[in-house]
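Welcome, and thank you for taking a look. Please keep the sequence and the 3D view at hand while reading this short tour.

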Amino acid sequence: MSRLGDTIRAARVAAKMSEKQLGKKCGMSESVIKDIEGGRRIVSDEQAQRILKLLGVANPVSTELEVAAEPEVKLRPRPRPYVLPLPQEKKEQVEEEQQAMAQSNDAWRDALGGVVKRVPVTGEDGLVIDHVLTPIVGGRIEGGAPDKVFYYRCPDDALRGYRIHAGDLLLTIPAQTVEDGTVMVLQYQGRRIARKVTKQEGNRLLLQSYDREFETQRIERKEALIIGRCVRLVRTL
């Protein structure tokens, strides 16, 4: 039985009313009243208030409407993940399959060694952060030695006006001299940057960027180290 059912039963008995009489007043059948009192039927707060009000219970919107507290159910702790131990024979079989797969991958790399190259991707600090498989044509990658080229990942939108956005990759081949009007990677003020570069009189360089506005910066040639010339853009999604 429920606390609400006990309350309704006690009030009905005190009012000297049968289940049938109470049901008639409430517009319910006798069996429904019995089920409510027995805790076998759940009624809405509105229905409970109406029944208690008809029985003369003062302040029906009170703790009389609270059902008996359910016993606290303790949650089972989440099981710790684990790996089922394999029988020794199965373990050896898995190790053999993994070794065979590794050898197969090595064989494919060797076979494709003259066709594609895992070209490193570097950031503005010059550290390798990823690799991109790049085709080799005629023993070269865009005219550069396969073991010398790299991708520079743009850290910002400094070249957005040239349709080069943050996260885009610029395939760069080594270069020591400036080619006017090309995008080049330079070591400047302790970090690698990509800028459109033009030679100026007096052994100076004009660095051009174009984010929201076109900007230029003139520097002495000795202030920057020319690392390479950007020859291809790889757009990231």
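At what angle do helix 2 and helix 4 pack? The answer comes below, after a first look at the whole chain.

## The chain at a glance

Please keep in mind that this is a predicted model. The chain holds five helices and nine strands.

The chain has 237 residues, and buried residues make up 31% of them. Another way to view the chain is through its contacts. Among those between residues at least 6 apart in sequence, 50% join residues at least 24 apart.

## Helix 2 against helix 4

Two packed helices are described by the angle between their axes and the distance between the axes. For helix 2 (residues 19-26) and helix 4 (residues 45-54), the angle is about 120 degrees and the axes are 10 Å apart. Angles from 65 to 115 degrees count as roughly perpendicular and those over 145 as roughly antiparallel, so helix 2 and helix 4 are oblique to each other. Their crossing is right-handed.

Which residues make this contact? Helix 2 brings L22, K25 and C26, while helix 4 brings R50, I51 and L54. Sorted by class, the residues in the contact of helix 2 with helix 4 are four nonpolar, no polar and two charged.

## Helix 1 against helix 4

Helix 4 also packs with helix 1 (residues 3-14), at an angle of about 25 degrees and with the axes 10 Å apart. Angles under 35 degrees count as roughly parallel, and helix 1 and helix 4 are therefore roughly parallel to each other. The crossing of helix 1 with helix 4 is left-handed.

From helix 1, the residues L4, T7 and I8 take part; from helix 4, they are A48, I51 and L52. This contact of helix 1 with helix 4 counts five nonpolar residues, one polar and no charged ones.

## A11, a residue of helix 1

While you are at helix 1, look for A11, which lies in this helix. Is A11 buried or exposed? Its relative accessibility is 13%, and residues under 20% count as buried, so A11 is buried.

Which residues does A11 touch, leaving aside its neighbours within four places in sequence? A11 is in contact with L55 and V57. In sequence A11 and V57 are 46 residues apart, yet from C-alpha to C-alpha they are 7.1 Å apart in space.

## A cluster of aromatic rings

Now turn to the rings. A pair of aromatic rings is described by the distance of the centres and the angle of the planes. This model has two aromatic pairs. In one of them, Y162 and Y210 have ring centres 6.0 Å apart and planes at 85 degrees; planes over 60 degrees apart count as edge-to-face, so this pair is edge-to-face. The pair links distant parts of the chain, with the partners 48 residues apart: Y162 sits in the loop between strand 3 (150-153) and strand 4 (169-174), and Y210 is in strand 7 (residues 204-210).

Y210 also pairs with F214, with ring centres 5.8 Å apart and planes at 85 degrees, so the pair of Y210 and F214 is edge-to-face. Together Y162, Y210 and F214 form one aromatic cluster. How accessible are its members? Y162 has a relative accessibility of 22% and counts as partly exposed. Y210, at 31%, is partly exposed, and F214 is partly exposed with a relative accessible area of 46%.

## Two loop residues with positive phi

Most residues other than glycine have a negative phi. Which residues here have a positive value? One of them is E142, with phi near 50 degrees. E142 is placed in the loop between strand 2 (128-135) and strand 3, and its relative accessible area of 42% makes it partly exposed.

N203 has a positive phi near 60 degrees. You can find N203 in the loop between strand 6 (191-200) and strand 7. N203 has a relative accessible area of 55%; a value over 50% counts as exposed, so N203 is exposed.

Methods:
Residues numbered from 1 in each chain as written. Predicted model: local features only at pLDDT ≥ 70, side-chain atom pairs only at ≥ 80, totals over all residues. Heavy atoms only, no water. Axes fitted to C-alpha atoms, helices over the stretch in contact; angles between N-to-C directions. Helix = DSSP H or I, 4+ residues; strand = E, 2+ residues; numbered from the N terminus. Left-handed = near helix turned anticlockwise from the far one by under 90°. Contact = heavy atoms within 4.5 Å. Nonpolar A, V, L, I, M, F, W, Y, C, P; charged D, E, K, R; others polar. Phe/Tyr/Trp six-rings, centres within 6.5 Å; stacked < 30°, edge-to-face > 60°. Buried < 20%, exposed > 50% of the residue type's maximum accessible area, 1.4 Å probe, protein only.
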